[in-house]
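Let's take a friendly look at the aromatic rings and the charges around them. Please keep the viewer open while you read.

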2 protein chains.
Amino acid sequence: LNKILIVGFGNVGQAFFELFHEKRKLLRLEDTAIYEISSTTYGHIKNPSQLTIDQIKAGKLSVERQDAMETIRESEADIVCEFTQVNIKDGEPASSHIRTALECGKNVITTNKGPMALHYEELTELAMKRGVQLKFKGTVMAGTPSFNLLKLLPGAEVQKIRGIFNGTTNFILSEMAKGKSFGECLALAQSMGIAEADSSMDIDGFDSALKAIIFSKVIGWSKHNLGNMEIKGIRGISITDGHCSSVLKLLVSIDKEEASVKPTLLSQGDPLASVDGLLNAVEITTDTLGKIISIGPGAGRTATAQAVMTDLMEIVRTN
Amino acid sequence: LNKILIVGFGNVGQAFFELFHEKRKLLRLEDTAIYEISSTTYGHIKNPSQLTIDQIKAGKLSVERQDAMETIRESEADIVCEFTQVNIKDGEPASSHIRTALECGKNVITTNKGPMALHYEELTELAMKRGVQLKFKGTVMAGTPSFNLLKLLPGAEVQKIRGIFNGTTNFILSEMAKGKSFGECLALAQSMGIAEADSSMDIDGFDSALKAIIFSKVIGWSKHNLGNMEIKGIRGISITDGHCSSVLKLLVSIDKEEASVKPTLLSQGDPLASVDGLLNAVEITTDTLGKIISIGPGAGRTATAQAVMTDLMEIVRTN
């Protein structure tokens, strides 16, 4: 019997909770249960499987709030899903949650970019040492195939990655291409709930940079980090008429030696040029296939829950 | 120790032979060997691993030609790679080779569309009954992720597939969009070696239809076959000026109830509209992600060899 502890019950936690119960039978997960939820907002909930999201939100069967670290240490769960909000400067509290869970011999699934981008080597080594799995598909392009495409390409040597990894900035640039100003498009994105009130993580390129770092670590390109890569966002950018035969994108570009995030003009014939609005995309250049491209949603409740489900099934199937 | 028998040593067989030896160490395949080759052109070759392609072509260490069926039955190999030329009307001789290998308890990898499209249920059931694997990634989009993307999306319910599955016709339509006639473009494709002298399989849509059938069988949509789906090719087609805001593609469209291959006008904003030249693409619509798209080469020596390598690694890793 696999037992899941969910730490953090915001959008991602709730979406995964719903998707898990919707797909449980289809995926033959009768022997797997969401065993416990630790939420700073809704309290500490044991055996939430009989409850609906609304009952959880209403505080049904929740007990006095308990420290998340304590819960992780004491829980009988063997799979910890880390979905808390994270401070990107130090990756906390998510990094500590993940570290503690791994140290306790629990498998971990996270959708938090910070811990994986900032502490990739430490956390993956710790997982290996403890003989457990650390999965993080949701950190890059939600459930849309991204770095996990490499599992379908054994032996292929990755030479280069180009990507559009941030939907908010791609939406703004797509709207600007219709003739609006940066300010108008940012305001539109905020009014639609696409951009946060504090949108600097997206606008200034850090969200894309973190994803670039995670992608490159998965490939085995270990040298890139926030301190040594070129990061340029789209704040206050303007699209001049001279661009009409090309398209401006906030492009991630990585190879073994160099990594950058910066506004880049793509020619109309470039397959990434037509990736519009909230879509994300990645182009992987390999020795055996040349360029392959994956396009799909990079965020969203169910799209992120799919990533968690993908990770969960890999853990369940190999346990 | 896994032992591979290659049946058919044309382009695909040779490309796989080369890729296998190039990637053997990287993939830790020291315990796997190409044990035997059965080729109507180059003879019957035992222990070809010490030979180069040129030595094989020169007939070094090949013995009197032996019947392929006899070789399959008598070989010590536990993995048979079926790469022969196939007659699409009855899928022979590939279907018989595959059937015999499975009956002998051998795993099978094939890149032949005919057997999989015409005898899918029979062959997959036979493999299951014998407790062996039957892999056929290379039949749809070569090594570019296609139906195997579903492995990365556990629980996702597929609602619809749209695809550009034939590079030859896509190349011709892309060239025609520049103002040339169908005849000119077909001749160009033939002079470049992209289209066969007898190009009817491609031009009349059957190649795309077979791939559509295989894709739908993998999803579990079992009703589609060559007899009940709409198949319309591009022979003699013309692109009129009225099409300038849209793009003509030979589009595969499948859902549970309907399947078709036909020339279809896509609007410029359609992500499949910008898939040009020899590229293939598939758009998969699911309940959890909406639309995701995979684009890449659909043919070619190394791209097809990658598909075989992908299949081989799945067999080796689960054995």
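This report goes through ring pairs, their places in the chains, and the charges over rings.

This is a predicted model, where local features need pLDDT of at least 70, side-chain atom pairs count only at pLDDT 80 or more, and totals for chains, interfaces and linings use all residues. Residues are numbered from 1 along each chain as written, chains are lettered from A and ligands numbered from 1 in the order written, and side-chain values use heavy atoms, leaving out hydrogens and water.

Over all chains, a search of the whole structure gives 16 aromatic pairs. Rings of Phe, Tyr and Trp (its six-membered ring) pair if their centres lie within 6.5 Å; planes under 30 degrees apart are stacked, over 60 edge-to-face, and the rest tilted. Two of the pairs are these:

| Pair | Centre to centre | Plane angle | Class |
|---|---|---|---|
| A:Phe136 and A:Phe147 | 5.3 Å | 45° | tilted |
| B:Phe9 and B:Tyr42 | 6.2 Å | 85° | edge-to-face |

A:Phe136 and A:Phe147 both lie in the loop between strand 7 (134-135) and strand 8 (158-164) of chain A, so their pair ties together parts 11 residues apart in sequence. Strands here are DSSP runs (E, at least two residues), as are helices (H or I, at least four), numbered from the N terminus. Both A:Phe136 and A:Phe147 are buried, that is, under 20% relative accessible area (1.4 Å probe, protein chains only). Ring pairs also link them into a cluster with A:Tyr120, A:Phe165 and A:Phe215.

The charged end of A:Lys137 sits over the ring of A:Phe147, 5.7 Å from its centre; the criterion is NZ of Lys or CZ of Arg within 6 Å of the ring centre and within 35 degrees of the ring normal.

Key: Buried < 20%, exposed > 50% of the residue type's maximum accessible area, 1.4 Å probe, protein only.
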